[in-house]
Amino acid sequence: MIRGGRNNITSAPAFSKDAKKLLLCTANSVSVYSVATGLKITSLEGHTTPVTTVIVDLKSDDTFTYCWTSSLDGKIHLWEFSEPKLLKAFDTHLPIYSLVMIPSHVSCSLIAYVSVEDYSTVSKDLFAQIRRFILIEEPLPCGDILKEMEEPKPIVLSPSGELFGVCHNCNIHIWNASFGAPKHLMPKETTLRHTQLISVFAFHPNQKILAAGDVTGRVLIWKDIGNGELASVKSEDDPESSCTTFNWHSAEVTVLNFSSDGALLYSGVKEGDLVVWELDTGKKQLLPKIESPLLYFIFSSDPTLSSGIAALCTANHCVQLYNLLSDHEVSEVQVCERNHQPDNDGVRVRKFCFFYLT
């Protein structure tokens, strides 16, 4: 067990490419943990305000391990996180709440899409923006605005790197990053509409399929997304709808993720209930209940396991490893003292649960 003090973990973690390390945004730094032992290996220090995103670069290998980070200080950093060493820094001059990096096989240019807040905007109500930055030598240009909203939203990138999007009230706005990428044209947009507030969504790993969860507990599956056409869903019972609905949860869906082969969909709610769905048949299986609100759910490929490792982030103060089928706890990492009261000092701490999927 690791007792780590007051770490502010408020965004999704990231696995290293070999799934041997887990990177966590902890206040103004990123902490790197060993998945095998739960011990903290190192930390990435350089941001001056809370880190909001950590992304492991897929170009990482056995020799070099790269990751990108963003922060409310407006900086985007590129790290070699095994040493650790800061390699590059870019300043957007706007607080960054979310970041996605377009992979090199989609665009030959180094392109970042960020969710920022800009109070100098002309609009008095829409202070949040999705902006595109082409990362060239400093100073950066101001960036292209794709969308304006009332508040910053997290950006979700598809596993292929071609699509990214945000949910905004009852809509999901999706952009195709590959559209016009060689000429730096603005990406093409698709809007999916729903009748309820959308709380979370996820992209299929190898098909143009999107799953979304709403505040009523429904899970919706859209097919053939990202083609630039407007898709509208009036209700899950509409025979002309391009959407399929899974019903079981009775509370707001907070986590969604597809299995690595895309055959299964995992959904969870704040109460700790986790369900796995067969995408083709809609059949469901209840997984062992997690005794804490579910906030994040990520996968990583692991060459030693047939289905990889999943990390569930919950609202407690430790890291747990389980075998899902036997409901057997393997180990635990305490990232904050159990008797620590985060409400007393404004610090929020999260728990990460690791699951071996067999």
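Helices (H or I, at least four residues) and strands (E, at least two) are DSSP runs, numbered from the N terminus, and two strands pair if DSSP finds at least two bridges between them. With that in hand, welcome to the tour. The model is predicted, so local features need pLDDT of at least 70 and side-chain atom pairs count only at pLDDT 80 or more, while totals for chains, interfaces and linings use all residues. Residues are numbered from 1 along each chain as its sequence is written, and side-chain values use heavy atoms, with hydrogens and water left out.

**Stop one: strand S24**

Please select residues 274–278, which make up strand S24. Four of these five residues are buried (under 20% relative accessible area, with exposed over 50% and partly exposed in between; 1.4 Å probe, protein chains only), so S24 is largely enclosed by the rest of the structure.

Look for Leu-264, whose bridge partner in S24 is Glu-278. Four residues lie between the strands of this hairpin, and Gly-272 takes a positive phi near 100°.

Next, bring in strand S25, residues 284–287, joined to S24 by four bridges and running antiparallel to S24. Here Leu-274 stands opposite Leu-287. The hairpin of S24 and S25 has five residues between the strands, and its Gly-282 shows a positive phi near 80°.

**Stop two: aromatic rings**

The structure holds five aromatic pairs; rings of Phe, Tyr and Trp (its six-membered ring) pair if their centres lie within 6.5 Å, with planes under 30 degrees apart counted as stacked, over 60 as edge-to-face and the rest as tilted. One of them is the stacked pair of Phe-164 and Trp-175, at 5.4 Å centre to centre and 20° between the planes. Phe-164 lies in strand S14 (163–168) and Trp-175 in strand S15 (171–176), so the pair ties together parts that are 11 residues apart in sequence. Both residues are buried. Show Tyr-113 too, which forms one aromatic cluster with Phe-164 and Trp-175.

Then move to Phe-201 and Phe-203, an edge-to-face pair at 5.7 Å centre to centre and 80° between the planes. Phe-201 is buried, with a relative accessible area of 5%, and Phe-203 also counts as buried at 5%.

**Stop three: an open sheet**

Finally, select the four strands that form an open antiparallel sheet in the order S5-S6-S7-S8. S5 (51–56) and S8 (85–91) stand at the edges with a single partner strand each, so one side of each has no neighbour in the sheet. Five bridges join S5 to S6 (66–71); to see this pairing, find Val-51 opposite Ser-71.
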